[in-house]
Amino acid sequence: MKTDRFQAFSDGIFAILITILVLEFHIPAYHPGQLLPSLLAQWPLFLSYAFSYFYVGTLWLFHHDYFSMLKRIDRNVNILNLLMLFSITLLDYPMSLVADALTSGNRADMQTAFIIYDLVALFISATFYFMYAYLHRHQELKNTAVSSEFYAAIKFDPVRSVTIYGMAILLTFWSVWVGAVLLAGGIIFHFFAYLRMSKQLELSKGGHHA
């Protein structure tokens, strides 16, 4: 399969997912003159949506830049990509759980919601690791403009992510808020890892042309 069809399908999935995330917004029930307090009471939804949108957007950037280095796609890459996209489409559910649990303020519910979000995030990072590992073993799929050092520089990023989310799960049993901060830190880590990967990709191509 050509990479443009592969990218177009994946981009469509990301676009649908982001659309689904925003569908969680509903006008709150309120009495006349009480719209503002009712809207402010929805802060958990706004917060969880903002982090989830940022997370999905970063994953899309990763996906777009990483697969731009491929010259062709084989069957196994397609299967791994479907698994990866499946894991990402699960994000809407824990986003809603976190918003509801934060609204209720119940510790047990927040603990459960954050752990489920962590598990989905861990699953996503694991699928990226499987894809990275497979493409490293099949260099014939990559564009020759990308140096062999590129994979070596980024191969442990998914492992680091899995470690962060695993620690978040464990710490959430001890403190919901410490676990929540670590979950947020894992999502932010992805963005900085993306910036490093993008820079490494540019350096790799530049070094090859030089």
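Visitor: Which helices each supply at least two residues of the nonpolar patch?
Guide: In this predicted model, the patch is made by Leu83, Phe86, Tyr129, Phe130, Phe156 and Val159, and its area is about 540 Å². The helices that each contribute at least two of the patch residues are α4 (75-89) and α6 (107-137).

Visitor: Where is Phe156 found, and is Phe156 buried, partly exposed or exposed?
Guide: Phe156, one of the patch residues, sits in the loop between α7 (149-154) and α8 (157-174). Buried would require a relative accessible area under 20% and exposed one over 50%. Phe156 has a value of 45%, so the residue counts as partly exposed.

Visitor: How many salt bridges does a search of the whole structure find?
Guide: Side chains of opposite charge can pair when their charged atoms come close. The number of salt bridges found by the search is two.

Visitor: How many residues apart in sequence are the parts that Asp157 and Arg196 tie together?
Guide: Asp157 is buried, with a relative accessible area of 4%, whereas Arg196 is partly exposed at 38%. Salt bridges with shared partners join Asp157, Arg160 and Arg196 into one network. Because Asp157 lies in helix α8 and Arg196 in helix α9 (residues 176-209), their pairing ties together parts whose separation in sequence is 39 residues.

Definitions and conventions:
Residues are numbered from 1 along each chain as its sequence is written. This is a predicted model: local features need pLDDT of at least 70, side-chain atom pairs count only at pLDDT 80 or more; totals for chains, interfaces and linings use all residues. Side-chain values use heavy atoms; hydrogens and water are left out. Patches are made of residues with over 30% relative accessible area and no salt bridge: like charges are joined within 9 Å, nonpolar side chains (Val, Leu, Ile, Met, Phe, Trp, Tyr) within 5 Å. Accessible areas come from the Shrake-Rupley method with a 1.4 Å probe; for residues, only the protein chains shown count as cover. A salt bridge is a side-chain nitrogen of Lys or Arg within 4 Å of a carboxyl oxygen of Asp or Glu. Helices (H or I, at least four residues) and strands (E, at least two) are DSSP runs, numbered from the N terminus. Buried means under 20% relative accessible area, exposed over 50%, partly exposed in between (1.4 Å probe, protein chains only).
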